[in-house]
Amino acid sequence: PTKIATHIHDDCEARLFIQGSATFIIGDDVYECSPGSYIEIGPGVKHAFDFKGDTELKVVRFFSQENNWVANFCPD
């Protein structure tokens with residue numbers, strides 16, 4: 001599995017899972033995501049995730065503003 005550390009974005013982010021699975025931590029909530037799952041993350045909301053299994057993860061990511069998808073990693 002691959003972990004992406006806790007971070008925020010300056011914009012809303014939405015994800016539609018196409019292939020594979022991942023555990024998303026959004027604030028204090030944990031979501032198990034698989035194909036067909038859809039999540040939304042508000043601007044400035046801390047989140048992290050772990051990719052699971054041997055299947056490549058494919059998602060469609062949506063942002064409302066160009067160039068605001070950059071991750072701003074949070075100190076531990």
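Is Arg-61 buried, exposed or partly exposed? At 36% relative accessibility, Arg-61 counts as partly exposed. Here buried means under 20% relative accessible area, exposed means over 50%, and partly exposed lies in between (1.4 Å probe, protein chains only).

This is a predicted model: local features need pLDDT of at least 70, side-chain atom pairs count only at pLDDT 80 or more, and totals for chains, interfaces and linings use all residues. Residues are numbered from 1 along each chain as its sequence is written, and side-chain values use heavy atoms, with hydrogens and water left out.

Strands, like helices, are DSSP runs numbered from the N terminus; a strand (E) needs at least two residues, a helix (H or I) at least four. Two strands pair if DSSP finds at least two bridges between them.

An open sheet is built from 5 strands, ordered β4-β3-β6-β1-β8, with antiparallel pairing. At its edges stand β4 (29-33) and β8, each pairing on one side only.

Strand β3 (residues 21-26) runs antiparallel to β6 over 6 bridges. Within this pairing, Ala-22 stands opposite Phe-51 in β6. Strand β1 (residues 3-8) pairs with β6 (residues 47-52), again in the antiparallel sense, over 3 bridges. There, the bridge partner of Lys-3 is Asp-50. With strand β8 (residues 72-73), β1 forms 2 antiparallel bridges. Ile-8 has Asn-72 in β8 as its bridge partner.

**The three-stranded sheet**

A further open sheet has 3 strands in the order β5-β2-β7, and its pairing is antiparallel. Both β5 (38-41) and β7 are edge strands with a single partner strand, so one side of each is left without a neighbour in the sheet. From one strand to the next, the twist averages 20 degrees. For such angles, axes are lines fitted to C-alpha atoms (for helices over the stretch in contact), and values run from 0 to 180 degrees between N-to-C directions.

Strand β2 (residues 13-19) pairs with β7 in the antiparallel sense over 6 bridges. Phe-17 has Val-59 in β7 as its bridge partner.

**Salt bridges**

Side chains of opposite charge can pair when their charged atoms come close. A salt bridge is taken as a side-chain nitrogen of Lys or Arg within 4 Å of a carboxyl oxygen of Asp or Glu. The whole structure holds 3 salt bridges.

| Salt bridge | Closest N to O distance |
|---|---|
| Arg-15 with Glu-13 | 2.7 Å |
| Glu-13 with Arg-61 | 3.3 Å |

Lys-52 in strand β6 and Glu-32 in strand β4 are 20 residues apart, and the pair links distant parts of the chain. Lys-52 is partly exposed at 35% relative accessibility. Glu-32 is exposed at 52%.

Glu-13, Arg-15 and Arg-61 are linked in a network of salt bridges. Which members of this network are buried? Arg-15 is buried, at 6% relative accessibility. Glu-13 is buried too, with a relative accessible area of 2%. Glu-13 lies in strand β2 and Arg-61 in strand β7, so their pair ties together parts that are 48 residues apart in sequence.

Leaving out residues up to four places away in sequence, Ser-37 touches Arg-15, Leu-16, Phe-17 and Glu-32. Contact means heavy atoms within 4.5 Å.

Cys-74 lies in the segment after β8. Cys-74 is buried, with a relative accessible area of 16%. Apart from neighbours within four places in sequence, Cys-74 is in contact with Thr-6, His-7, Ile-8 and Lys-46. Cys-74 and Lys-46 are 28 residues apart in sequence, and their C-alpha atoms are 7.9 Å apart in space.

**A nonpolar surface patch**

Which residues form a nonpolar patch on the surface? Ile-18, Tyr-38, Val-60 and Phe-62 do, with about 370 Å² of accessible area together. Patches are made of residues with over 30% relative accessible area and no salt bridge; like charges are joined within 9 Å, nonpolar side chains (Val, Leu, Ile, Met, Phe, Trp, Tyr) within 5 Å. Accessible areas come from the Shrake-Rupley method with a 1.4 Å probe, and for residues only the protein chains shown count as cover.

Val-60 is found in strand β7 (residues 58-63). Val-60 is partly exposed, at a relative accessible area of 34%.
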